Amino acid sequence: MPTNILMPALSPTMEEGTLAKWLKAEGDTIKSGDVIAEIETDKATMEVEAVDEGVLAKILVPAGAENVKVNTPIAVIAGEGEDASAATAPAAAPAAAPVAEAPASAPSVPAAPKTSAPPETPEFPADSPMVSMTVREALRDAMAEEMRRDDTVFVMGEEVAEYQGAYKITQGLLQEFGARRVVDTPITEHGFAGLAVGAAMSGLKPIVEFMTFNFAMQAIDHIINSAAKTLYMSGGQMGASIVFRGPNGAAARVGAQHSQDYAAWYSQIPGLKVIAPYSAADAKGLLKAAIRDPNPIVFLENEILYGQSFDVPRLDDFVLPIGKARIARAGDHVTIVSFAIGMTYALKAAEALAEEGINAEVIDLRTIRPMDVETVVRSVMKTGRCVTVEEGWPQSGVGAEISAQIMTEAFDYLDAPVIRICGKDVPMPYAANLEKLALPNVGEVVAAAKAVCYR
Amino acid sequence: MAGNAKSRSKSEADAEPAVPAFTKDQELRAYREMLLIRRFEEKAGQMYGMGLIGGFCHLYIGQEAVVVGVSMAARPSDQTITSYRDHGHMLACGLDPKGVMAELTGRRGGLSKGKGGSMHMFSKEKNFFGGHGIVGAQVSLGTGLAFANRYRENDSVSLTYFGDGAANQGQVYESFNMAELWKLPVIFIIENNRYAMGTSVARSSALTEFWKRGMAFNMPGEAVDGMDVRAVKAATERALEWCRAGQGPYILEMQTYRYRGHSMSDPAKYRSKEEVQKMREEHDPIEQVRARLLAGGVSEDELKKIDAAVRSIVSEAAEFATQDPEPDPSELYTDILL
Ligand SMILES: Cc1ncc(C[n+]2csc(CCOP(=O)(O)OP(=O)(O)O)c2C)c(N)n1
Ligand SMILES: [Mg+2]
């Protein structure tokens, strides 16, 4: 059967073009791969190659024709000994993609599923024995427990094995699990992050320690493009069960390149979960949950918190739900929302406020994505006022997201605009006095809470 | 180990290793598989022209001997990972042309349910790990597949493909270092098709002999005539043996050529028509096999039958990919988290 050659689209945006030149004449024999014409698109002059074989029976659009619409028949190819006249019939219009649903006047976007936070159940029995431990010990124990439980879990990173961890979080792991599962890497963040994601795609469960998250910027392509997006791009066939962890945010006097909070950055990415614990109990319970979780997880720690001690339930298997905020202090005058080291300012501010008769409810988000908006909104409906606290920068920060959520979900309950207390909008300075000024402080949180209470 | 590694590297003074002949069955298999890729890609180009395939579409025409030769040497348990120029790799892995084509057209029957597109396709079942749109990313990921093989102590090898352009990415050398340091079973298959978009290797690379790029890590490498499927298979067998013996990674520089533009919208003005024509006429991987088959007594008719069978597979794939519905809108929010 004779076949029509159609005006091809030769760029993602081309709708019509000029048929600049025919390189074959009527009667010429054509093999697939032969260049038959030149076409000027919106971007360039392109060659058109034949796919079908036969004889160029008829040219329908002459050279020089402008504004030829994509998919217009431009010539007819006939098989040997065929009559071309049969094929000049109107073009096979491209089969429009069958649409999945009857087309509505405006394409309706399905509603995003609400991520509702896990139910309000006690996270551990009230009478559990408690033991005091540092965040550092809690993180180490979480990894060791999960590695004992599952041979596919391994930890890799710079100085994690023989040196026992740059911040001693992996202390003792090499001794217990050996070099197969506690892997010292070269200083090669981009490479080892990609390597770990590849291992995860094939079913292992890597824990990647970044010496600090500042260095993970070299690896962020693999965290986002390779880890977070693969499940979606593969139609659910393969993802990456992997934890990227390490200290995040400002330490002390290490200057601009070593003092950035990445919570807001990673929290923007669908396909990632982002956890930023404050207490040792949360660090332990959430890291264990993160390692078991089948999704890629960014687990943001804080160097200043590593040495702080908290009560942790002494249970055989203490796992906390990801995506659930914790009400760290109940109150009904103002809601203070924070996470990670921001909690130190929030809790101290709440104490100071209590002395002045203001009862602040302090919420520790613990997980930044998926964010437990429900708990925040419920609190704001009660208090009518909200202050957010984070060390990260203000623009498009976690506080900005909380403000937007509250405005959408609890606008009518607000008695005052939300105030964000953030790190100042500057690279972290080195000088001690400037560094102090750049970070949030308790006084700012107290002042903001009073302001939203009109006191 | 150092001496051993060196001795595996081809030096310029070495004579070309003789290319072992194929049996008639091997020739026929190579012919059929390469032809399937060629016809599939031509059809994809045509469907792009009709607006059925959107965005970028990178065709593999001219390079068919590389994946087919490698797949003839590999086992199904070996993993494959490559760039966005991935349709041929998927077909060579034995994936259904319908599923591949329907992914190109963004339909629900596509391998990624229409959510990945031509550059991002995967198949757990066939050990095909993508399909990656970020130049060079698959090199670290592929090294990770090899890491997992060593961790599990199986004898699978990661077949990690990338281009001459990708070979200049930093993470490639980070991966080379770790692969050799930890003796990971990975073959780095550099498909040197002489161009990265519009940039020829001479304009981008201080050392254009890519097979030597592992030398700083003491990694062996060979240059291979990537237009000769027999040479590709033989070299891959050597490399696989090296990897399976626990000796670490191996580089194969496949010297090949892409006939079409970088993607469908590339007018390819950076090279002469004569250069392309010469490759097509003198080195075409499919014509080479065809000529040998004819010389060996296989009839034109027999080959025509293969051609017809391949064309009908491709037409069916195109038909399916045109008729299959788009994904249900409810798919928008699935497969984000497990
Ligand atoms: C990190 C990154 N930079 C740039 C691009 C845009 N880009 C896509 S393909 C390509 C050329 C790659 O050439 P090569 O590695 O030789 O592979 P080939 O296309 O020849 O198969 C470029 C620059 C990209 N996708 N990713
Ligand atoms: Mg190239």
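A backbone N or O atom of B:Gly133 sits 2.9 Å from a nitrogen atom of ligand 1. That is a polar contact, meaning a pair of N or O atoms within 3.5 Å; within protein, one must be able to donate a hydrogen and the other to accept it, and residues adjacent in sequence count only if both atoms are side-chain atoms.

Ground rules, quickly. This is a predicted model, where local features need pLDDT of at least 70, side-chain atom pairs count only at pLDDT 80 or more, and totals for chains, interfaces and linings use all residues. Residues are numbered from 1 along each chain as its sequence is written, chains are lettered from A and ligands numbered from 1 in the order in which they are written, and side-chain values use heavy atoms, with hydrogens and water left out.

Back to the ligand. A polar backbone atom of B:Gly165 is 2.8 Å from an oxygen atom of ligand 1. For B:Ala166, a polar backbone atom also lies 2.8 Å from a ligand 1 oxygen. How much of ligand 1 does the protein cover? On its own, ligand 1 has 590 Å² of accessible area, and the protein covers 72% of that. Areas are Shrake-Rupley, with a 1.4 Å probe; for residues, only the protein chains shown count as cover.

Now the shell. There are 15 residues around ligand 1, each with a heavy atom within 4 Å of it. B:Tyr84, B:Arg85, B:Gly165, B:Ala166 and B:Asn193 come nearest. By class, seven are nonpolar, six polar and two charged. Nonpolar here is Ala, Val, Leu, Ile, Met, Phe, Trp, Tyr, Cys and Pro; charged is Asp, Glu, Lys and Arg; the others, Gly among them, are polar.

Next, B:Ser205. It lies in the chain B loop between α8 (201-204) and β6 (221-225). Helices are DSSP runs of H or I, at least four residues; strands are E, at least two; both are numbered from the N terminus. Is B:Ser205 buried or exposed? Buried, at a relative accessible area of 8%. The cut-offs: buried is under 20%, exposed over 50%, partly exposed in between, with a 1.4 Å probe and protein chains only. The side chains of B:Ser205 and B:Arg213 make a polar contact of 3.5 Å.

Last, A:Tyr430. Its loop runs between β22 (419-421) and α12 (432-438) of chain A. A:Tyr430 is exposed, with a relative accessible area of 52%. Its C-alpha is 6.6 Å from that of A:Val254, 176 residues apart along the chain.
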